[in-house]
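Q: I have a new structure open and want to learn how to read its features. Can you take me through it step by step?

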Amino acid sequence: DGFAIAEEDLALRGAGELLGTRQSGLPELRHADLARDQALVAEARRAAEALLEADPDLADPAHRLLREEVHRGYGEKLELGTVG
């Protein structure tokens with residue numbers, strides 16, 4: 001079963017980078033384990049998608065700290081999306 005193999009690989013090698021090219025190693029997530037916390041990760045994804053649907057540029061003043069954190073942590077990688 002390919003899904004079982006992929007889950008075991010994730011557990012053994014780690015998640016690598018969410019945005020980037022590193023395929024294994026210590027995960028960037030500090031508060032969740034992608035293999036163990038799938039329900040939590042799915043809930044966080046739904047919340048993030050809803051927030052970005054309502055405010056795609058994070059322009060709302062209430063989202064200022066989030067916007068700054070995203071740019072601090074992923075700014076250069078996010079710019080790669082505009083290259084093509």
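Q: Is Arg45 buried or exposed?
A: This is a predicted model, so the values are computed from it. Exposed means over 50% relative accessible area. Arg45 has 56%, so Arg45 is exposed.

Q: Which side chain does Arg45 meet in a salt bridge?
A: The general idea comes first. Side chains of opposite charge can pair when their charged atoms come close. Here, Arg45 meets the side chain of Glu49, at 3.0 Å from N to O.

Q: Where do Glu49 and Arg45 lie?
A: Both are in helix α2, which covers residues 38-54. They are four residues apart, about one turn of the helix.

Q: How many salt bridges does a search of the whole structure find?
A: The search finds three.

Q: What salt bridge does Arg64 make?
A: The side chain of Arg64 meets that of Glu68. The N to O distance is 3.1 Å. Both residues lie in helix α3, residues 64-79. Again the spacing is four residues, about one turn of the helix.

Q: What is the relative accessibility of Arg64, and of Glu68?
A: Arg64 is at 40%, so Arg64 counts as partly exposed. Glu68 is at 41% and also counts as partly exposed.

Q: Which residue does Glu69 meet in a salt bridge?
A: Glu69 pairs with Arg72, with 2.5 Å from N to O. Helix α3 holds both of them. Here they are three residues apart, about one turn of the helix.

Q: Buried, partly exposed or exposed: what are Glu69 and Arg72?
A: Glu69 has a relative accessible area of 42%, so Glu69 is partly exposed. Arg72 has 60%, so Arg72 is exposed.

Q: Now the backbone. What phi does Leu58 have?
A: Start with the general rule. Most residues other than glycine have a negative phi. Leu58 is not a glycine, yet its phi is positive, about 50°.

Q: Where is Leu58 found?
A: Leu58 sits in the loop between α2 and α3.

Q: Is Leu58 buried or exposed?
A: Buried means under 20% relative accessible area. Leu58 has 8%, so Leu58 is buried.

Conventions
Residues are numbered from 1 along each chain as its sequence is written. This is a predicted model: local features need pLDDT of at least 70, side-chain atom pairs count only at pLDDT 80 or more; totals for chains, interfaces and linings use all residues. Side-chain values use heavy atoms; hydrogens and water are left out. A salt bridge is a side-chain nitrogen of Lys or Arg within 4 Å of a carboxyl oxygen of Asp or Glu. Helices (H or I, at least four residues) and strands (E, at least two) are DSSP runs, numbered from the N terminus. Buried means under 20% relative accessible area, exposed over 50%, partly exposed in between (1.4 Å probe, protein chains only).
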